[in-house]
Amino acid sequence: MNTLEVQDLSYSYPDGKPALRAVSMHAVEGECIGIVGPNGAGKSTLLLHLNGILPGDDSRQGKVIVCGEPVTSSNLHEVHRMVGLLFQDPDDQLFCPTVREDVAFGPVQFGFPPLEIDRIVRESLREVGLEGFESRSPHHLSGGEKQRVCLAGILACNPSILVLDEPTSELDPRGRRELARLIRGLPATRVIASHDLELVVDLCSRVYLLDGGEVVASGPAREIFSDEDLMLAHGLEKPHSLHHRHPHP
Amino acid sequence: MKHDYIDRYARLDSPVHRLPAALKLALALALVISTVIVPMSAPLYFVACALFLVCVIFLGRLPLRFVAVRLLTLEPLVAGVAILALMQHDGLLMLIRILVRSNLCLLAMVLLSNTTPFAGILDVLRSLRVPSLLVTVLALMYRYVFLLIDQSERMSRARASRTFAPRRGSRWKTAAGIVGQLFVRSTERAERIYAAMTARGWR
């Protein structure tokens, strides 16, 4: 079953500039898909639509279907709960004075009882390997720690779909490796938009190549990324790991 | 960059730090209000207040130098009002009154913010049924004021590194530019934060 489905989604920015043109994509349950493309291709805009952040706009056409339910302005609250969105800059997402409050933000909004919230916070922090960070303030964390607290805040909402916007752009190699390991181990359906093609090829089974707000190619990650002409035409490069693969697997 | 000079010592461990946040907040507020109300004809009150605050500094293991510097950075505001008072009849007396009262109040606040983590103060406000919107705004302010300071420092450093022939006029111009840029960036960030809040169920 398709956990996530986008049908002919078009959207223009408030200034009238088209951002997405008839984008269609899908993800089956438990799948990890990648969205790649040059800067300004519309990746972030597409991700915001998946969570219903840009809803009911006149300039929006097409459908986003989450777990069988089309996203409308009346079921946004459920959609927010089903789709967890990790933003590019962790400082945008960590808006609470302590780590505990931040991780608890979602569960509090969804009205869980306090004891349950404590348990969820503890478990989410353990899941990302940050036990005992509850009373730290976000400003005093390293980039990797911030990104993992963000992820804990999303896992605390127990979403069926995880949408990650450039999850590794501010991480050092170790932070990146740990985050990749974390993402790989999650059971949810995952959508990753990134310029980090090595990460995408490592984690994602299928990718969508976006340029100028359109899907220009889609298919298995290795297949798309190995097409050097296609990659160069859209501001990307064939990942090194694909250059050095043994010819006889 | 670490900008914790607003509440650098809030997370120390001392008898004062261990007191409940509610008690400290209540004491500080009571002290501020009574300092404003009590007439100057009762000098003993002000001496007692000052002694009490000094005791808090020592019990709280706060470095004297740090407290003095914090107080001095807030002083220009006080001095501005105090000097205006000089123009009036009985100006000198008025100046002394203003200086004593406002310094006691400021000292109380500096001590409160450096013996109590801000999150603790917010918890107290929440349990006092202060409107949640107000508490949220305070929490966001505390969270992002550091980021704003970081950002403005990075920007002025970047400008400085490309300023070759500083002239007085151009310095004001670049300062104005930085303020404008900060405003634009903050507005954009506010929009992203709001999106992040909505994404996790805020309404």
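I looked up how far apart the two domains of chain B sit in this predicted model, and the centres of domain 1 and domain 2 of chain B, taken over C-alpha atoms, are separated by 29 Å. The bounds are 15–125 for domain 1 and 131–199 for domain 2 of chain B, as given by an automatic or database domain assignment.

I noted the conventions: residues are numbered from 1 along each chain as its sequence is written, while chains are lettered from A and ligands numbered from 1 in the order in which they are written. Local features need pLDDT of at least 70 and side-chain atom pairs count only at pLDDT 80 or more, whereas totals for chains, interfaces and linings use all residues.

I then checked confidence (pLDDT, the predictor's score for each residue, from 0 to 100). Chain B averages 86, with 96% of the residues at 70 or above, that is, scoring at least 70. For the complex, the predictor gives an ipTM of 0.75 and a pTM of 0.79.

Next I turned to the nonpolar cores (buried Ala, Val, Leu, Ile, Met, Phe, Trp, Tyr and Cys residues joined through C-beta atoms within 7 Å; buried means 20 or more other C-beta atoms within 10 Å of the residue's own, with C-beta atoms placed from the backbone). The largest has 83 residues, and A:Ala156 and A:Ile161 are among those with the most contacts inside it. Because domain 1 and domain 2 of chain B both give residues to this core, it lies between them. I also recorded a second, separate core of 14 residues, which includes B:Val16 and B:Leu111.

Notes
A residue is buried if 20 or more other C-beta atoms lie within 10 Å of its own, exposed if 12 or fewer, and partly exposed in between; C-beta atoms are placed from the backbone.
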